[in-house]
Amino acid sequence: MSYESKMLRQLAMPTRKDVEQALLRALLKHDGTIKEFGSGEGIVDEIAGEFQLSEDQRSAFLETIYRKQNRVKKAFLWHRLLFRAADSLAKEHMVSRPTRTLEITRKREWMLTEKGFDEALKLCNISTATKECLPTKSYEVQKIVKSLIESRKPENYDPFDRDKKIVKTAREVALRDRAFRQAVIKAYTYRCSVCGLKLKSPDSLLWEVEAAHIVPHYFLGRDDVCNGIALCHLHHWAFDVGWFTVLDDYRVQVSPQISRLPADCGKLEGFEFFRVLQRGHVKLCLPERGEIYPHHNAIRWHRENVFHQQRL
Ligand SMILES: [Zn+2]
């Protein structure tokens with residue numbers, strides 16, 4: 001039995017399998033990523049707390065003697081156990097290693113893969129049906145998010161993906177859907193671009209804000225950030241049914257139909273939810289990079305095909 005195994009046994013440390021499961025649960029709780037296990041990192045104490053580790057268990061260290069260099073290296077046993085569990089998850093393709101994650105997020109973090117995401121949902125008794133709405137990051141989806149967020153503005157953008165149904169597999173479409181949603185809400189800093197609402201569910205799992213397609217999926221609208229806007233549920237609905245649209249200078253324009261709206265409609269506790277947009281000076285809150293602003297070809301299509309321009 002190795003020196004490390006002996007110490008693990010003597011101190012009655014949790015098994016590696018138990019730590020692997022705790023890591024998967026923690027990854028799900030932290031939106032799919034956790035930092036490397038350095039001293040002072042919150043995650044190290046958080047998982048130790050879950051196992052109710054004593055002070056002795058947390059502070060025990062291993063000594064490795066490097067004779068040639070004439071020095072002794074000390075490593076916390078608990079950090080080593082966390083690393084070995086994460087390393088084992090990486091070998092099973094459940095997480096991506098910090099060196100690989102660094103390439104896409106510029107952060108040294110362990111990140112769930114799609115396989116690890118499914119396993120974490122199972123461990124937490126969360127239905128895989130909700131997977132599509134969760135903001136949890138996975139390595140495969142973040143690779144697409146990176147390409148969407150960093151994409152350059154195309155000269156002649158065609159918001160219609162005419163080959164979509166022929167070329168892509170169902171899995172590719174599902175990953176791309178999630179990447180679109182995550183890229184858009186991230187680009188708009190998790191706020192509705194019209195009213196600025198930013199809100200999470202009480203369990204911190206879901207953002208209220210949604211990624212709206214400007215040219216919708218059923219018209220073969222592309223999953224590009226420049227064919228999307230982050231909108232709260234109410235503004236998403238109002239945009240999809242044509243209550244308002246966006247002008248080329250990104251001001252919001254409300255349908256003239258509003259003049260026929262009964263006085264008791266479109267209000268929230270007396271607050272004029274729609275009429276406040278009518279004055280023509282509400283401008284979308286936009287992403288930091290102009291390259292991914294809503295494309296004029298997409299918003300023009302919305303103005304001409306969805307927006308109710310005429311009084312009926
Ligand atoms: Zn809103």
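This is a predicted model: local features need pLDDT of at least 70, side-chain atom pairs count only at pLDDT 80 or more; totals for chains, interfaces and linings use all residues.

Q: What does the C-alpha trace span along its principal axes?
A: About 85 × 45 × 35 Å.

Q: And how many of the residues count as buried?
A: Of the 312 residues, 32% are buried.

Q: What about contacts between residues at least 6 apart in sequence?
A: Of those contacts, 68% join residues at least 24 apart in the sequence.

Q: Let's go inside. Which residues of the largest nonpolar core touch the most other members?
A: They are Leu148, Ala183, Val184, Val225, Ala230 and Leu231. The core has 38 residues.

Q: Which elements give two or more residues to this core?
A: There are helices and strands on the list. The helices are H8 (139-149), H10 (170-187), H11 (233-240) and H13 (296-305). The strands are E6 (210-213), E7 (228-231), E8 (244-246) and E9 (252-254).

Q: Which one gives the largest share?
A: H10 does, with 6 residues.

Q: Pick out Ala230 for me. What does Ala230 touch, leaving out residues up to four places away in sequence?
A: Ala230 touches Val184, Ile185, Tyr188, Arg191 and Cys192, among others. Ser193, Val209 and Ala211 are also on its list.

Q: What lies apart from that core?
A: Another core, of 26 residues. Among them are Val19, Trp78, Ala85 and Leu121.

Q: New topic: helix pairs. How do H2 and H7 cross?
A: H2 covers residues 16-29, and H7 covers residues 114-123. Their axes come within 9 Å and cross at roughly 100°. That makes H2 roughly perpendicular to H7.

Q: Which residues make the contact?
A: From H2, Gln21, Leu24, Arg25, Leu27 and Leu28. From H7, Gly116, Glu119, Ala120 and Leu123.

Q: What classes are those residues?
A: The contact of H2 with H7 has 5 nonpolar, 2 polar and 2 charged residues.

Q: Stay with H7. Which of its residues are buried?
A: Gly116, Phe117, Glu119, Ala120 and Leu121.

Q: What do the buried residues of H7 pack against?
A: They pack against H2, helix H5 (77-91), strand E4 (95-96) and strand E5 (109-112).

Q: Where is Lys122 relative to Glu103?
A: The two are 19 residues apart in sequence. In space they are 28 Å apart, C-alpha to C-alpha.

Q: And what follows H7?
A: Asn125, whose phi is positive, near 55°.

Q: Are they buried or exposed?
A: Ala12 is exposed, with 10 other C-beta atoms within 10 Å. Arg106 counts as exposed too, with 9 C-beta neighbours inside 10 Å.

Q: Back to H2. How does H2 cross H5?
A: The axes of H2 and H5 come within 9 Å and cross at roughly 75°. These two helices are therefore roughly perpendicular to each other.

Q: Which residues meet there?
A: In H2, Arg16, Val19, Glu20 and Leu23. In H5 they meet Leu81, Leu82, Arg84, Ala85, Ala86, Ser88 and Leu89.

Q: And the classes in that contact?
A: The contact of H2 with H5 has 7 nonpolar, 1 polar and 3 charged residues.

Q: Last one: where is Glu288?
A: Glu288 is in the loop between helix H12 (275-278) and H13. Glu288 counts as exposed, with 10 C-beta neighbours inside 10 Å.

Conventions
Residues are numbered from 1 along each chain as its sequence is written. A residue is buried if 20 or more other C-beta atoms lie within 10 Å of its own, exposed if 12 or fewer, and partly exposed in between; C-beta atoms are placed from the backbone. Two residues are in contact if their C-beta atoms, placed from the backbone, lie within 7 Å. A nonpolar core is a set of buried Ala, Val, Leu, Ile, Met, Phe, Trp, Tyr and Cys residues joined through C-beta atoms within 7 Å. Helices (H or I, at least four residues) and strands (E, at least two) are DSSP runs, numbered from the N terminus. Axes are lines fitted to C-alpha atoms, for helices over the stretch in contact, and angles run from 0 to 180 degrees between N-to-C directions. Angles under 35 degrees count as roughly parallel, over 145 as roughly antiparallel, 65 to 115 as roughly perpendicular and the rest as oblique. Ala, Val, Leu, Ile, Met, Phe, Trp, Tyr, Cys and Pro count as nonpolar, Asp, Glu, Lys and Arg as charged, and the others, Gly among them, as polar.
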